[in-house]
Amino acid sequence: MASNKHEVIVITGVSTGLGLAMVKWYASRGHTVLGCARSAHKISQLNEEYCKGNKPKQFSVVDVVNDADVKRWSEEVTSSFGAPTFLLNNASIINNNAYLWHISAHEFNNVIDINIKGTTNVIRHFVPEMIKAGKGVVVNFSSGWGRSVAVNEAPYCASKWAIEGLSKAMAQELPEPLICVPLSPGIVNTPMLKTCFGEQGASLHKSPEEWAETACPFILSINSSQNGSSLTTP
């Protein structure tokens, strides 16, 4: 059963796909949602929709690869809203379909920097506040390709296998009752999926909004018995 409590939920990568779908679902249920993305236009739209009047802005332009940027964001969030009860590391990219030796150094670095280093930067600056608060769940978004592999997706697979290991190790480091899990969302029709499956292939799968209907309450139900476990949303 999902929690009926009011939660403070921090989500990275909220401009599109799963991140945006989670913002809509959690906000519609009365939770406080704080999010970031690199798109200033999308962030402005989110603040206009969800932060009318004199409410403090809940969405910020942040590049998760920039540690100083993340530090500033975390300080703004925690000073206004306190430590998050759920920290959802969703921001991620995928490489263009190609054999590993055809992937440029620049493209490979982008995948590793955003998917692994970006996740770690967010953890570095939010988790100490969660530890001080004595509670919280860290969900690092993984993938089915963090537990298996696919042709033409070696950089992405490597990054998500790293997220699995990072999350499981971190789960052992956290003091109780804090929790950390790697979470595979399954196959969802997002812009990233279209990159590797094409428009037609991606259209065969559920939309982010359909995914959120079961995934969001599932995330709220994560408990200490699952700490360190590789989870997959329904």
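Which residues does isoleucine 219 touch, not counting residues up to four places away in sequence? The legends below start from that residue. The model is predicted: local features need pLDDT of at least 70, side-chain atom pairs count only at pLDDT 80 or more, and totals for chains, interfaces and linings use all residues. Residues are numbered from 1 along each chain as its sequence is written, and side-chain values use heavy atoms, with hydrogens and water left out.

**View 1. Isoleucine 219 and the nonpolar cores.**
Isoleucine 219 touches Met22, Tyr26, Phe86, Leu88, Val139, Phe141 and Leu183. Contact means heavy atoms within 4.5 Å. The largest nonpolar core has 35 residues, and Tyr26, Leu88 and Ile219 have the most contacts inside it. Such a core is a set of buried Ala, Val, Leu, Ile, Met, Phe, Trp, Tyr and Cys residues joined through side-chain atoms within 4.5 Å. Buried means under 20% relative accessible area, exposed over 50%, and partly exposed in between (1.4 Å probe, protein chains only). Elements that give two or more residues to this core include strand 1 (8–12), strand 4 (86–89) and helix 7 (208–220). Helices (H or I, at least four residues) and strands (E, at least two) are DSSP runs, numbered from the N terminus. A second, separate core has 23 residues, among them Val64, Ile123, Phe126 and Leu174.

Seven strands form an open sheet in the order 3-2-1-4-5-6-7, with parallel pairing. Strand 3 and strand 7 (231–232) are the edges, each pairing on one side only. Two strands pair if DSSP finds at least two bridges between them. Strand 1 and strand 2 are joined by five bridges; valine 10 has leucine 34 of strand 2 as its bridge partner. Five bridges also link strand 5 and strand 6 in the parallel sense. There, valine 137 is partnered with isoleucine 179 of strand 6.

**View 2. Strand 2, enclosed.**
Six of the six residues of strand 2 are buried, so this strand is largely enclosed by the rest of the structure. In a regular strand the side chains alternate between the two faces of the sheet. Thr32, Leu34 and Cys36 point one way; Val33, Gly35 and Ala37 point the other way.

Helix 2 (residues 40–50) has Ile43, Leu46, Asn47 and Tyr50 as its buried residues. They lie on the same side of helix 2 because they cover an arc of only 95° around the axis; the arc is that of the directions from the helix axis to the C-beta atoms. These buried residues pack against helix 1 (17–28), strand 2 (32–37) and strand 3 (59–61). His41 and Glu48, on the other side, are exposed.

**View 3. Cysteines without a bond.**
The structure holds zero disulfides, a disulfide being a pair of cysteine sulfur atoms within 2.5 Å. The sulfur of cysteine 36 is 14 Å from the closest cysteine sulfur, in cysteine 51, and so too far for a bond. For cysteine 180, the nearest cysteine sulfur is that of cysteine 36, 17 Å away. Cysteine 36 is buried at a relative accessible area of 1%; cysteine 180 is buried at 0%.

**View 4. Phenylalanine 108 in helix 4.**
Phenylalanine 108 lies in helix 4 (residues 105–133). Its relative accessibility is 30%, so phenylalanine 108 counts as partly exposed. Not counting residues up to four places away in sequence, phenylalanine 108 touches Leu100, Ile103 and Pro155.
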